[in-house]
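The interface is treated before the local features.

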Amino acid sequence: MSGSPAWVRAFRITNVRVVSQAFFLGLFLFLLWVTWLSRLKGYPASLFLEMDPLVGFATALSTHTVYRWLWRGILVLVPTLLLGRAFCNWVCPYGTLHQAAGWLFDIRGNRGRIDANRYRPLYQVKYLVLAVLLVMAALGALQIGLLDPICLFVRTVAVAIAPAVDPSLAGAADRLVPGFGALVFKPGAPEARVFAGAWFVGLLLLGLVGANLVVPRFFCRALCPLGAFLGVLSRFSLFRIDRDVTKCTDCDLCLKGCEGAADPQGALRKSECFVCLNCIDDCPEDALRFRFNPRPSVAGLVEGKSGPGTATLGGLPVLSRDLAVEVKAPDVPRRRWLFAGVAGLLAFPFLRFSKDVNARGFHPKAIRPPGSVAEPEFLERCIKCDQCVNVCPTNVLQPARLAVAGLEGLWTPVMDFAVGFCQLNCVLCSEVCPTGAIRKTSLARKLGLGAFAEQGPIRIGTAFFDRGRCLPWAMETPCVVCEEVCPTTPKAIGTYDEAITRWDGRPVTLNRPYVRPELCIGCGICQRECPVVDDAAVYVTAVGESRSDERTLLLGGKKQA
Amino acid sequence: MAEMDEDRRRLLKGLGAVAGLSLGAGYAALAPPGWPGSLRDPDGERGKPRPRALRLPEGGFAVEPSGVLPLLGVARGSRVDAMLRAAVDAIGGIRRFVSAGDVVLVKPNVAFERSAPLGATTSPEVVAALVRLCREAGASEVRVADNPIESPAACFERSGVRKAAVDAGARVYLPTAADFRLLETPGATHIARWPFFWRPFAGVTKVIGVAPVKDHNLCRASMTTKNWYGLLGGRRNQLHQDIHGIVADLALMLRPTFVVLDGTRVLWRSGPTGGSLADVREGRTLVASTDSLAADAFGWDDLLGRAGEPLPAYFAKAASRGLGTPDWRSANAREVQVG
């Protein structure tokens, strides 16, 4: 090391890698930061989700198509086939977060680090997770979003981090450094954004990041289905870390910084190696190199007795006791693959025959954003990334709770009109959806204009009145905010007007509202603006939504093509 | 030398695998949607499910019309077998309708879990007689099917229709979710595309409806035309928003070989479910007709005894489509007294 000048050492490959990680983490956060009406301006806001090859592959399994930009998965797939799982330690923002946390809070000495970075059978779990998720996807239940690191991180930023960061950026930080307030994720949001189950999404992040203190890169090594997917592919990679048994003294120092727990000190586990290249840096003997087309085995080429010092390889004495240099495939016994496959086969009916995601038992509050495909197709496509929730300007889009959508629909987008309403001239959610669960929808299509006049506007639900809580109906009190804000033309809320004498003798004209179901699009602004704020006197439920034949309300109600 | 060769072979194999996988994935993801093996879906259009719709045969299951035979055969009496034979004989006899080798679907109304005397379902004796008649004419198979409102198995059991049909030699089809497919009925107002109880129709050559005479709260009367409602699936509960339009659509959807109006009992009030013997009176009548509107009109005038009242609106709607004549009096009708 002392041989090179400092400026050369600054260009060490591991430093280049850190720059790459910082760049991609920054790009990731930047793209989520621009996922907002005033900033979107043609940025590929969902780029990371689109180039996640697991998203492309699993949705191709579930839908037999590759939607819109999902071909971008090739951008990660091809480098993986050439280099191995380099994505995990060069690009993946979630991996970077875990590595940074592990580094920052590490209290181990070198010996502790070496022990913590040895391979453990626990790390098979991610392959079993992957197998279960892919089998389910092939059957039509796409659940990769629960654990896919990009989906998980996007969701966490949208639902937990951005709402947590914004108030302090706008407040204290802006007072310290004037202008900092402009950095908020959601400039111009009228109120602090709130999300159903944000506590759980946030705590999950803390838990998974905290796990790094016990097992370094716990999520990446043990759980990550994308890592497992890339691990399976990396058996084909042409490059890998190669150990020169004539130089290696079995000191195990290469394990000190091994991110993937890939056993560089012995037979390198190609499927586990993140290509962080720390081992090359740490090797005092220069025995490790990142090589093209290395030999899978050298044992056959060793001459003489095995054992240090006595045998030779290519004329040089073999120093290492361990002659194995490569493990190509993931270390998962066949019967465990089988178990995972059976588990996936069973998990599908367990999820799908839960009442809430079925035509016969759908939750009245499972109101999907406009442009959503019918529920069975929706569940084949939605990866729970919550980019739609992130971009929604009124905060009406919420990650679904278990009680609304079961486990299968957990964190998929539903509308909560106590929080916001679906803005008439907005189709942003359909623009950012990477998988077509919310199909790209033009405003003309949403509103039923122009070429779409025949099929009519997209309806996401229908409004109902609770006359027992409505001021003009139940309390002799004039109101009709609902009729006033109704955005359709003609209005979907009409009134029966009646002059009455109140209990105290005062005459009053009441405009008692009713719904015109053929006009209602279910936007929910009536519910949002109803003065009976805790349990509104007018409320929207999913029936009448035009994406579904099962949930229509009116005979001959227009169905979307 | 051997090592060099081995290195080169491994390299070629590795490059081949990487290139193959990359090109394969690239082709599937990027090839234009029309190309074989392409999975590309630029706008979500390809991902849309396209349920295959089916159609019933052109002209339905009707036989050649006859210029001379009566349109309506009415048999009065109490012996169901003889009455049915007499009524069918009046319109040409069973051999006019069913030939050797025919697969016949008999569609009773088994909508509710009610015992036969309560009049809410087709009489099991009439179903059995009809099945026997078809088999006698040489039908290779007779099927009995309905999609009831209440639990299918319970309806078929309690009404006695299952046992009667099976004992007479028919196969009973109870609906399951997989038995429905989208049916196209061109020209229908509401059910141009609607889920249809398809499975019992596979391979069928003749269809005979056999319906009780019932008062109906919304439709005013439920007889042979409304009986086809029991072949629909999907969101049937919407159809009541325009019941007469729907019954007229049903007449368009299913053109039967002939229909039997089961007037052995008449549910004259509290229909279509009834539930009390006080709601039922003896009718002692069976009607066979190739025209379900004529049969229904006869039921309205004669069996429900509402001759003075205007016919329910579905008659005019269906008649205006040329699907029959409600004017049974001027149509050729033959009445027979049996025993």
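The model is predicted, local features require pLDDT of at least 70, side-chain atom pairs count only at pLDDT 80 or more, and totals for chains, interfaces and linings use all residues. Residues are numbered from 1 along each chain as its sequence is written, chains are lettered from A and ligands numbered from 1 in the order in which they are written, and side-chain values use heavy atoms, with hydrogens and water left out.

**Domains of chain B**

Chain B comprises domain 1 (1-50) and domain 2 (72-337), with bounds from an automatic or database domain assignment. The centres of these two domains of chain B, taken over C-alpha atoms, lie 59 Å apart. Arg158(B) belongs to helix 5 (residues 152-158) of chain B; helices (H or I, at least four residues) and strands (E, at least two) are DSSP runs, numbered from the N terminus. Beyond its neighbours within four places in sequence, Arg158(B) is in contact with Glu113(B), Arg114(B), Ser115(B) and Ala116(B), where contact means heavy atoms within 4.5 Å.

**Interface of chain A and chain B**

At the interface, 31 residues of chain A touch 32 residues of chain B. The buried area is about 2800 Å², and carbon and sulfur atoms give 61% of this area; buried area is the accessible area (1.4 Å probe) that two parts lose on being put together, summed over both. Asn293(A), Arg439(A) and Leu555(A) supply 23% of what chain A buries against chain B, more than any other three residues.

Across this interface there are 15 residue pairs in polar contact, both residues being at pLDDT 80 or more. A polar contact is a pair of N or O atoms within 3.5 Å; within protein, one must be able to donate a hydrogen and the other to accept it, and residues adjacent in sequence count only if both atoms are side-chain atoms. On the side of chain A that touches chain B, strand 1 (66-67), helix 5 (74-83) and helix 16 (375-381) of chain A each give two or more residues. Helix 5 of chain A provides the largest share, five residues.

Strand 1 of chain A and strand 1 (residues 40-41) of chain B run parallel and are joined by two bridges; strands pair if DSSP finds at least two bridges between them. Within this pairing, Val66(A) is opposite Arg40(B).

**Salt bridges**

The whole structure contains 54 salt bridges over all chains, and three are found across the interface of chain A and chain B. A salt bridge is a side-chain nitrogen of Lys or Arg within 4 Å of a carboxyl oxygen of Asp or Glu. Two examples are tabulated.

| Pair | N to O distance |
|---|---|
| Arg381(A) and Asp41(B) | 3.9 Å |
| Arg118(A) and Asp252(A) | 2.9 Å |

Arg118(A) lies in the loop between helix 8 (110-116) and helix 9 (125-139) of chain A, and Asp252(A) in the loop between strand 2 (239-243) and strand 3 (268-269) of chain A, so this pair ties together parts 134 residues apart in sequence.

**Backbone geometry**

Most residues other than glycine have a negative phi, and most peptide bonds are trans. The bond from Thr489(A) to Pro490(A) is cis, with omega near -5 degrees; Pro490(A) sits in the loop between helix 22 (481-485) and strand 11 (493-501) of chain A. Gly271(B) and Pro272(B) are also joined by a cis peptide bond, with omega about 5 degrees. Asp286(A) has a positive phi, near 55 degrees, and is placed in the loop between helix 14 (278-282) and strand 4 (288-292) of chain A.
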